[in-house]
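Here are my notes on the charged side-chain pairs in this one. Have the model open while you read.

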Amino acid sequence: MPIRLPLGDTERPVPRWALRLAKALPFVLLPHCVWRLPFAVDFRMGTVQPEFFPWWGAAYVVGLSVLTEALALLTVMGLVGSWGEVFPRWVPFLAGRRVPPLAAIVPATLGGLALVALWDTMPLAWFGLFGFHDVAFTNGWWKLLANVCITPVMLWGPIVLALTYAYYRRRRPA
């Protein structure tokens, strides 16, 4: 049975493009999250790395993938869902109160800019520009697979910024 998220159930209508973009975000990040998981069992996916794998490495890798998807869903629910307008019932002391627009706009903008700074420099590393370096791989096929799986994450920051802009336009005073 498909999971139904209450998206677009806001006071003012969410633009169609924003709704589609928001629904796509968790799936855009999924290849990157799946790419990480073999590292949890110390399978190196063709990377040339030192043999050291800390005891907490598996929990870190799995936790990072879960956190990535959770943040994507939080972005969706906060910027195109009702959570961005009224605090959910389960939030202590704030349940049912209106969300001040800046309480969503400021963190979403800062997060989107941080994601752009973090991920959108990857092409510089691929080509070794400006001191950025890519991870070494045992052969070109592993590198190609890594790039195919990891490249969509470069859209995360721009998507968050676009959804934040749509949220701002929808929540601004008329």
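1. Ground rules, quickly. This is a predicted model, in which local features need pLDDT of at least 70 and side-chain atom pairs count only at pLDDT 80 or more, while totals for chains, interfaces and linings use all residues. Residues are numbered from 1 along each chain as its sequence is written, and side-chain values use heavy atoms, with hydrogens and water left out.

2. How many salt bridges are there? The count comes to three, taking a salt bridge as a side-chain nitrogen of Lys or Arg within 4 Å of a carboxyl oxygen of Asp or Glu.

3. Have a look at Arg 170 and Glu 85, whose side chains form a salt bridge at 3.6 Å, N to O. This pair ties together distant parts of the chain, 85 residues apart: Arg 170 sits in helix H6 (residues 156-171), Glu 85 in the loop between helix H2 (57-79) and helix H3 (101-119). Helices here are DSSP runs (H or I, at least four residues), numbered from the N terminus. Arg 170 is buried, at 4% relative accessibility, and Glu 85 is buried too, at 6%. Buried means under 20% relative accessible area, exposed over 50%, and partly exposed in between (1.4 Å probe, protein chains only).

4. Asp 42 and Arg 44 make a salt bridge at 3.3 Å, N to O. Asp 42 is partly exposed, at 35% relative accessible area, whereas Arg 44 counts as buried, at 14%.

5. Then there's Lys 143 with Asp 134: their closest N and O atoms are 2.4 Å apart in the salt bridge. Lys 143 is partly exposed at 26% relative accessibility, and Asp 134 is partly exposed at 30%.

Note on methods
Helix = DSSP H or I, 4+ residues; strand = E, 2+ residues; numbered from the N terminus.
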